Amino acid sequence: MSHRTRNDSNSKVHLFGKSVHSLAPTSFPLTTDHSPLPGCTDPTPDQRFTSGTGTSDTGIIGGGLAGLVLAALLAQRGHSVTVYESDRLGGKLRRKEVGGLSFDTGPSLFTFPSVWRSFLARLGEASDPLDLRPLPGGLGLHHTPFGPVPLPVPPGHPLHADWLRVCAAAAPVAPHLETLLTTPPRLTSAAFLRASAALAQATGPHLTAEGWIRARRVHPALAHALRTHALNAGLSPADAPALYALLPALIAGHVCRPAGGMGVLLDTLILLCRARGVQFWGTESGGTQSSGTVRRLDSASGSLTLDGGEVIRHDLLVSAIDPARLAALRGVPVHSPLPRRTVSGVAIYAAFREAVPLPATSILPPTDFAAFRAALRAGALPPDTLALVHADGPRLAVLLTAPATARPLTPDHPWVRAQLARVETTLSVPGLLASASAVAAFDPAHYAVGGHPGGAIYGLGHPAWRGGPLHPQPYRLHSRLWQVGTGVHPGGGIPAILGGALIVDELLTKT
Ligand SMILES: Cc1cc2nc3c(=O)[nH]c(=O)nc-3n(C[C@H](O)[C@H](O)[C@H](O)COP(=O)(O)OP(=O)(O)OC[C@H]3O[C@@H](n4cnc5c(N)ncnc54)[C@H](O)[C@@H]3O)c2cc1C
């Protein structure tokens with residue numbers, strides 16, 4: 001049971017655009033809607049209490065995707081779950097209105113949909129409300145210094161034979177990827193050992209993405225395009241584990257997005273949580289609200305202290321925030337040297353009156369990855385950075401990779417302007433952004449607020465030999481304290497978050 005050391009008065013708060021009254025002193029300030037999600041089945045009592053050696057009163061710190069995914073899983077098994085969120089549910093995935101259009105910020109590519117389906121299956125959900133659709137053009141057109149490269153490379157393209165060789169080298173890992181993402185990394189698990197062996201065989205003696213790509217001896221244009229995807233680890237190819245070099249071959253044909261946009265993922269997770277009785281303690285912007293900001297955490301007693309001094313004790317705590325941020329809450333020294341941080345970014349969202357004349361995804365890799373890496377590690381702005389450009393009707397998103405220095409980088413900053421000019425020149429759309437009806441941007445300073453120091457999107461980078469799924473993850477920090485989320489499961493991103501939460505859910509049934 002949770003224990004609270006301060007009396008609560010009835011309060012009125014705003015969540016999900018609604019004003020909600022908290023009526024009972026022991027309830028949290030969000031009414032719980034138990035109605036099933038359209039397309040989702042309401043869990044039966046049997047499904048809620050199927051597994052696990054015991055259920056507890058669990059507090060989850062952080063209501064980003066990781067916190068919401070684990071909240072639904074634990075509530076499904078009968079835990080009483082409360083999620084504490086200091087800002088907005090969804091974390092890096094949120095909706096933002098720009099020029100009268102709604103933009104989904106943060107993740108734009110949904111990969112490894114089988115991990116999502118495993119999550120739904122564990123919840124006992126028969127149908128998939130996301131309606132995932134393949135993204136036209138897969139991973140997009142890569143504008144390398146050696147020429148444009150579409151991934152996947154279609155038949156008839158001069159690079160197709162090289163691409164097939166890369167695919168063949170990566171193929172033995174394909175049947176094991178879901179296992180690697182979702183199975184507790186235990187030497188006693190036969191499935192995990194099989195999957196690890198397949199990965200080790202495919203990566204061979206190469207520790208890093210750079211090493212693996214060089215050994216393929218493919219055309220420089222294709223090699224350059226492949227290097228770009230080391231950034232899925234938030235690292236340069238010389239630092240990212242070799243697995244990341246295999247990813248384009250493994251995912252290029254399966255990149256997707258919910259038909260209604262990425263925001264549907266957030267809506268779905270919130271409804272899946274609500275349908276299972278998850279309580280939310282937190283705020284949305286505007287108005288007078290209760291705070292869900294956790295200021296201190298004591299794992300020995302299972303208690304957390306909220307803004308304003310309220311202390312709440314739970315049987316079990318799960319951190320779904322960045323590990324460095326968690327360390328600060330526990331009073332543990334935070335160690336995050338700049339060269340080890342993953343990248344941050346500037347995300348620019350532009351609204352137009354007409355459809356943007358660009359393909360769904362265009363990628364501008366840095367011209368020189370060595371110079372790019374040196375700049376990021378020094379905290380300097382790379383002369384030409386990785387730019388991802390997503391066009392969707394009248395919406396344009398441009399994501400520029402930047403060092404994790406918490407630096408404010410507004411759209412009128414000279415470096416941002418130079419990178420946008422490079423995008424316009426390379427994609428032959430001069431003056432495109434000037435013709436936008438409205439522009440909004442998030443920068444490293446923004447990503448630092450609720451995340452890792454400097455705004456490192458995937459937290460601290462691990463050395464290549466520790467960065468893959470093979471090393472034991474620090475999922476459990478104390479008998480009462482577990483952790484999930486981007487900075488915990490290497491690679492970050494939606495599949496790693498889902499997989500990490502499935503793993504923690506499974507491990508919790510065995511404790
Ligand atoms: C621009 C951009 C593009 C991306 N593109 C992709 C993509 O295409 N595909 C993909 O798979 N992934 C992508 N990602 C990564 C993906 O968005 C993240 O990995 C994921 O959203 C992180 O989820 P999380 O729950 O681990 O962390 P977060 O979203 O950071 O959630 C943590 C939450 O904890 C809250 N919090 C922090 N401190 C406290 C506290 N003290 N008390 C209470 N609450 C607290 C924060 O407010 C936040 O809501 C992208 C990310 C960015 C920024």
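Two strands count as paired if DSSP finds at least two bridges between them. By that criterion, β16 and strand β23 (residues 481–483), with 3 bridges, form a parallel pair. The model described here is predicted. Its protein chain holds 16 helices and 23 strands, and 50% of its 511 residues count as buried. Among contacts with a separation of 6 or more, 72% are between residues 24 or more positions apart.

- On the β23 side, Leu317 stands opposite Leu481.
- In a regular strand the side chains alternate between the two faces of the sheet.
- In β16 (residues 316–319), Leu316 and Val318 lie on one side and Leu317 and Ser319 on the other, and all are buried, which leaves both faces covered.

**The open sheet of 7 strands**

- The strand order is β10-β9-β18-β19-β20-β17-β21, and the pairing is mixed.
- The edges are taken by β10 (147–151) and β21 (438–442); each has a single partner strand, so one side of each is without a neighbour in the sheet.
- From one strand to the next the twist averages 15°.
- Within this sheet, β9 (residues 140–144) and β18 (residues 361–364) are a parallel pair with 2 bridges.
- Leu141 has Ser362 in β18 as its bridge partner.
- Helix α13 (residues 414–426) packs on the sheet and touches β9, β17 (344–351), β18, β19 (387–392) and β20 (395–402).
- The direction of α13 makes about 125° with that of β20.

**Helix pairs**

- Two packed helices are described by the angle between their axes and the distance between the axes.
- For helix α2 (residues 65–76) and helix α10 (residues 263–275), the axes come within 9 Å and cross at roughly 30°.
- Angles under 35 degrees count as roughly parallel, so α2 is roughly parallel to α10.
- The α2 and α10 crossing is left-handed.
- From α2, the contact involves Leu65, Leu68, Val69, Ala71, Ala72 and Ala75; from α10, it involves Leu269, Ile270, Leu272 and Cys273.
- By class, the residues of this contact between α2 and α10 are 10 nonpolar, no polar and no charged.
- For helix α4 (residues 160–170) and helix α9 (residues 243–251), the axes come within 9 Å and cross at roughly 105°.
- That angle makes α4 roughly perpendicular to α9.
- Val166, Cys167 and Ala170 of α4 meet Leu246, Ala249 and Leu250 of α9.
- The contact of α4 with α9 comprises 6 nonpolar residues, with no polar and no charged ones.

**Buried helix positions**

- Helix α8 (residues 220–228) has 8 of its 9 residues buried, so it is largely enclosed by the rest of the structure.
- The buried residues of α8 are Ala221, Leu222, Ala223, His224, Ala225, Leu226, Arg227 and Thr228.
- Ala501 lies in helix α16 (residues 493–509).
- A residue is buried if 20 or more other C-beta atoms lie within 10 Å of its own; Ala501 has 30 such neighbours and therefore counts as buried.
- Apart from neighbours within four places in sequence, Ala501 is in contact with Ala66, Val69, Leu70, Leu73 and Val484.
- The C-alpha atoms of Ala501 and Gly67 are separated by 8.4 Å, although these residues are 434 residues apart along the chain.

**Backbone exceptions in loops**

- Most residues other than glycine have a negative phi, and most peptide bonds are trans.
- The peptide bond joining Leu151 and Pro152 is cis, with omega about 0°.
- Pro152 is placed in the loop between β10 and α4.
- Phe112 is a residue other than glycine with a positive phi, near 50°.
- The loop that holds Phe112 is between β7 (101–105) and α3 (113–122).
- Phe112 has 24 other C-beta atoms within 10 Å and is therefore buried.
- Arg217 also has a positive phi, near 55°, and is a residue other than glycine.
- Arg217 is in the loop between α7 (209–216) and α8.
- With 9 C-beta neighbours inside 10 Å, Arg217 counts as exposed.

Technical notes
Residues are numbered from 1 along each chain as its sequence is written. This is a predicted model: local features need pLDDT of at least 70, side-chain atom pairs count only at pLDDT 80 or more; totals for chains, interfaces and linings use all residues. Helices (H or I, at least four residues) and strands (E, at least two) are DSSP runs, numbered from the N terminus. Axes are lines fitted to C-alpha atoms, for helices over the stretch in contact, and angles run from 0 to 180 degrees between N-to-C directions. Two residues are in contact if their C-beta atoms, placed from the backbone, lie within 7 Å. A residue is buried if 20 or more other C-beta atoms lie within 10 Å of its own, exposed if 12 or fewer, and partly exposed in between; C-beta atoms are placed from the backbone. Angles under 35 degrees count as roughly parallel, over 145 as roughly antiparallel, 65 to 115 as roughly perpendicular and the rest as oblique. A crossing is left-handed if the near helix is turned anticlockwise from the far one by less than a right angle, and right-handed if clockwise. Ala, Val, Leu, Ile, Met, Phe, Trp, Tyr, Cys and Pro count as nonpolar, Asp, Glu, Lys and Arg as charged, and the others, Gly among them, as polar.
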